Amino acid sequence: MPRTLRELFVEQLRLCKVAAGQQVGVVAELGQKNEYVEAAVAAARDLGASALVLTASSLSNPMLPPYQADGREVPALLAAAAECDMVVDVTVGGLIHSDVRTRITGNGKRMLFVAEPADVLERLMGDSGLRDQVEAGGRKLNAGSTLHVTSAAGTDVTADISGGDLPITHQWGYVDEEHRWDHWPSGFVACFPHDGTAEGVIVLQPGDALIPWQRYVRDEVKISIEKGFITKVEGPGADAHLLRDYFEAWDDEDVYAISHMGWGLLPQARWSAFDVYDPRSLYGQELRSTAGNFMWSTGPNRFADRETPAHLDIPMRGCTVLIDGEAVVEGGRLV
């Protein structure tokens, strides 16, 4: 029998080590996702914790410009979050790449973003086995110098990942340590290559995914990358034109930057999700997490002081991912 959203939140907050006497803050937007707010509050109380709802008038970013940052409610939000042990982010777009997230987790708090429908949350729940896999992938990235991705379609791109200070995102879907952020559900590892070092060509194929457009690529698209920035988008069909139009709309060179690169590790995540569900009801975590996908992204990089609301995650099938010549994904399958 499917569990209720409240029951799922109880299990998830247990994984996050929420306990009696703790304070859970729930960050929300006015009139949005009220069922998630209510479930998070009820679950925290079921576990003996107290819950504080922090409702902002709006924190989500637009999908297209014009965009003007509005941070008027951020100081009050940060002040309240500082009094909490854990923060649950149920805003529409999430505070993933924002300075707000950096400051909350930097203050020692653990922070969890939740956006997917209840049955996706239940089906893709993380566990310690997934965590072990994600951490093993992170150790390989941390020990490497060069990330190299190829595909039969013509993708051939490299990036410098050398040095022990490489920013690495480990996502297994729950937060049980101070300073930790995660997104429920998740199952992937990614790094932020040294800014300006990605070089080569990425060739998108029909069936690859564009997030947050929440749809599959329809036509082949060739994307040229020099010194960490997209320099050319070419293709015979509409998708190349649509991507160029999207990038040009922002009138901001930062939207062309390469952000993070990594691969999925969650075996129960299915590539077909965008067709099985109403894609606009999804946040895209299932595609991001599908085992053996290569996912790269554009735009913001808080480690390079680059914050822009224009951000695409692009999971791809059939790629080979090598670290210093050793494959971690081969032809779209985990090694």
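Predicted model: local features only at pLDDT ≥ 70, side-chain atom pairs only at ≥ 80, totals over all residues.
Local features are reported only at pLDDT of at least 70 and side-chain atom pairs only at pLDDT 80 or more, whereas totals for chains, interfaces and linings use all residues. Residues are numbered from 1 along each chain as its sequence is written, and side-chain values rest on heavy atoms, with hydrogens and water left out. Helices (DSSP H or I, at least four residues) and strands (E, at least two) are DSSP runs numbered from the N terminus.

- Buried here means under 20% relative accessible area, exposed means over 50%, and partly exposed lies in between, with a 1.4 Å probe and protein chains only.
- With residues up to four places away in sequence not counted, Phe9 touches Tyr36, Ala39, Ala40, Ala43, Val88, Val114 and Trp184, where contact means heavy atoms within 4.5 Å.
- In soluble globular proteins, nonpolar side chains tend to be buried together.

- In helix α3, residues 74–81, the buried residues are Val74, Leu77, Leu78, Ala80 and Ala81.
- Because these residues cover an arc of only 165 degrees around the axis, they are on the same side of α3; the arc is that of the directions from the helix axis to the C-beta atoms.
- The buried residues of α3 pack against β1 (23–29), β2, β3 and α4, while the face turned away from the buried side carries the exposed residues Pro75 and Ala76.
- In helix α4, residues 99–106, Val100, Arg101, Ile104 and Thr105 are buried.

**The five-stranded sheet**

- Five strands form an open sheet in the order β7-β9-β15-β16-β17, with antiparallel pairing; two strands pair if DSSP finds at least two bridges between them.
- The edge strands, each pairing on one side only, are β7 (168–171) and β17 (313–316), and the twist averages 20 degrees from one strand to the next.
- That angle is taken between axes, which are lines fitted to C-alpha atoms (for helices over the stretch in contact), and angles run from 0 to 180 degrees between N-to-C directions.
- β7 and strand β9, residues 188–191, run antiparallel and are joined by four bridges, with Gln171 standing opposite Phe188 in β9.

- Strand β18 (residues 319–323) and strand β19 (residues 326–330) run antiparallel and are joined by three bridges, and Val321 stands opposite Val329 in β19.
- Two residues lie between the strands of the β18 and β19 hairpin, in which Asp324 takes a positive phi near 50 degrees.
- β19 also pairs with strand β20 (residues 333–334) in the antiparallel sense over two bridges, and the bridge partner of Val329 in β20 is Leu334.
- The hairpin of β19 and β20 likewise has two residues between the strands, and Gly331 takes a positive phi near 60 degrees there.

**Selected residues**

- Arg72 sits in the loop between β2 (50–56) and α3 and counts as exposed because its relative accessibility is 70%.
- Glu248, in helix α7 (residues 238–249), is exposed, with a relative accessible area of 53%.
- Thr290, in the loop between α9 (285–289) and β16 (294–298), counts as buried at 9% relative accessibility.
- A polar atom of the Thr290 side chain lies 2.8 Å from the backbone oxygen of Glu286.
- Leaving aside neighbours within four places in sequence, Thr290 is in contact with Gly264, Leu265, Leu266, Ala269, Arg270 and Trp271.

Terms used: Polar contact = N/O pair within 3.5 Å; in protein donor to acceptor, adjacent residues only side chain to side chain.
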